[in-house]
Amino acid sequence: MAAIKFELSADKARKDSTCPIVLRVAVFGKRFRLATGIYCLPSDFAPDGGKSGAQWLKAGIYRDYGNQSLQQYFSLASLALIRLTSMHDKAGLPVTSLREEFLRLLRSDSGGDALLLDTLMKFIEGKSPRTREIYLSTVAKLRKYLPTDIPLERVDRAWLERFQRAELAYTGVNSVAIHLRNIRAAFNFAIDEGLTQSYPFRHFQIKREVKPARALGIEQLVELIRIEPEPYQRIYRDLFLLSLYLIGINPTDLLHLKAENLVRGRIRYNRQKTGTFYNVKVEPEAAALLKSLRGEQWLLSPLDTWQYKNFLHACNKGLRLIGPLERVGRGGRKIHHPIYPRLTMYCARYTWATLAAQLDVPDATISAALGHEHLNRTTAVYVNFEQRKIDEANRRVLDFINVHL
């Protein structure tokens, strides 16, 4: 007798108590199991194994999406089983060979050659470590939902909408948008490589949420400069100001600068995220901080002793606590009154742009200073932004800050 059934593998529970759902296959008197890549709590798995209405998951935040994925997998597995049972010459194969044959039929029934996860992995080959990390987070997310890798042709608008709804049930709009943009990038890559003609994003809108402005006002910035932070916070405050003085350089680019990036009073570097070349004049305010923060292996000292991620986490945590401090009780417990509880290193970039806009620096100059595409691609090639304009804009921002000190 040939049969397939989903069951919970309780003996392989993860630390969060979730267990893998596996497909049990019985064919030609032999049995084997296949991983689906979907996990759930034992209490969320239907006692009857989903026999009633294909509802294998009866609860949990992934219930709807999980049931849809399992139903899709079950349909493909049923076709593969029918085809396998018709191949009577396979009856004498050992169980490992039957399993491989079943998987081959399962993949062929799914249709299409280019697979979603496989395409994502090919797309990120040669990318920078940080970019790879972002895309790998999407790969990990998809592996939680997909029973098996699926052809690009099966990712249609309805599929994207289901994925978006499932993610929005427990995470933010912009976090979901990152994964959808990564999937879209994989499709653009696949089209360029001739792997598919399918493009499900043509009539699909990726939802976005406008966040509150993360720029410091001039009063908050002046208070940040004037205040005497706790000793451990001083380096965090100084790095924030250095980023601001260098036209909002991103923390990863700032902390990974080498001595050779400082050439004749200018910081020259390629942004890690985009590869855009920057050439920033080191004004006296920035030069003083570069001197005090000088490192040995790096231009700045933090990464001489820290891992980047650990330092950035500590830095942002310290920045958010900067402000008036009082001690209460016999033990002198610290009570913080932060100037800006949402302050992070990245706020320096927003702050520079906001101050430049307040000074009526042209939008095109601000965009050029930040490395954005300030004009459409057709006209941009005809405009050569002089570095002098960017230097002057930065000097105006710093003078504006100094006037208020």
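I take a polar contact to be a pair of N or O atoms within 3.5 Å; within protein, one of the two must be able to donate a hydrogen and the other to accept it. The model I am reading is a predicted one.

**Entry: R237**

I looked up R237 and found it in helix α8, which covers residues 234–245. Is R237 buried or exposed? Its relative accessibility is 5%, and buried means under 20%, so I noted R237 as buried. I then checked where its side chain goes: it reaches the backbone oxygen of L224 at 2.8 Å. Leaving out residues up to four places away in sequence, I listed the residues that R237 touches as L224, I225, I227, P229, L319 and I322.

**Entry: the sheet of β4, β5 and β6**

I traced an open sheet of three strands in the order β4-β5-β6, and its pairing is antiparallel. I looked at the pairing of β4 with β5 (residues 266–270) and found two bridges, in the antiparallel sense. For V263, I noted R266 in β5 as the bridge partner.

**Entry: β7 and β8**

How many bridges join β7 to β8? I found four, between residues 325–328 and residues 333–336, with the strands running antiparallel. In this pairing L325 is opposite H336 of β8. I recorded the two strands as a hairpin with four residues between them. In the turn, G329 has a positive phi of about 80 degrees.

How values were computed. Residues are numbered from 1 along each chain as its sequence is written. This is a predicted model: local features need pLDDT of at least 70, side-chain atom pairs count only at pLDDT 80 or more; totals for chains, interfaces and linings use all residues. Side-chain values use heavy atoms; hydrogens and water are left out. Two strands pair if DSSP finds at least two bridges between them. Buried means under 20% relative accessible area, exposed over 50%, partly exposed in between (1.4 Å probe, protein chains only). Contact means heavy atoms within 4.5 Å.
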